[in-house]
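This briefing walks through a structure with attention to its helices and aromatic side chains. Please keep the sequence and the model in view while reading.

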Amino acid sequence: MDMDAVYQEYANLVYRFLYVHTHDAQWSQDLMQETFLRAVNSISRYDGSCKLSVWLCQIARHVLYQELRKRKRA
């Protein structure tokens, strides 16, 4: 799978998804980058059982929740 093409197609969607939850442009951008890094590292586990956009937003949600837990502990 061409991850550059995936990034081009879905980066804006993932960013908007995160921005709705954070209301912070820079934080959303950082989380989006982490989301795509994790997607690249786990693309072999994408089985096509859902839309790619749904899979990416699920990763983004997990990245966001993990970051919120870290911030709560700090």
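Against which helices do the buried residues of α1 pack? In this predicted model, the buried residues of α1 pack against α2 and against α3, which spans residues 52-73.

**Helix α1**
- Helix α1 covers residues 3-22 and bends by about 50° at Y10, a residue that also belongs to the buried set of M3, V6, Y10, A11, V14, Y15, L18 and T22.
- At the start of α1, a side-chain oxygen of D2 comes to within 3.2 Å of the backbone nitrogen of D4, while the residue that follows the helix, H23, has a positive phi near 55°.

- W27 is part of helix α2, residues 25-42, and it counts as buried because its relative accessibility is 13%, below the 20% cut-off.
- Leaving aside residues up to four places away in sequence, W27 touches T22, L64, E67, L68 and R71; of these, L64 lies 37 residues from W27 along the chain, with 9.7 Å between the two C-alpha atoms.
- The charged end of R71 sits over the ring of W27, at 3.8 Å from the ring centre.

**Aromatic pairs**
- The count of aromatic pairs comes to three.
- Another pair, Y46 and W55, is tilted, since the ring centres are 5.1 Å apart with the planes at 50°, and both Y46 and W55 are buried.

Methods: Residues are numbered from 1 along each chain as its sequence is written. This is a predicted model: local features need pLDDT of at least 70, side-chain atom pairs count only at pLDDT 80 or more; totals for chains, interfaces and linings use all residues. Side-chain values use heavy atoms; hydrogens and water are left out. Helices (H or I, at least four residues) and strands (E, at least two) are DSSP runs, numbered from the N terminus. Buried means under 20% relative accessible area, exposed over 50%, partly exposed in between (1.4 Å probe, protein chains only). Contact means heavy atoms within 4.5 Å. The bend at a residue is the angle between axes fitted to the seven residues ending there and the seven starting there. A polar contact is a pair of N or O atoms within 3.5 Å; within protein, one must be able to donate a hydrogen and the other to accept it, and residues adjacent in sequence count only if both atoms are side-chain atoms. Rings of Phe, Tyr and Trp (its six-membered ring) pair if their centres lie within 6.5 Å; planes under 30 degrees apart count as stacked, over 60 as edge-to-face and the rest as tilted. A charge sits over a ring if NZ of Lys or CZ of Arg is within 6 Å of the ring centre and within 35 degrees of the ring normal.
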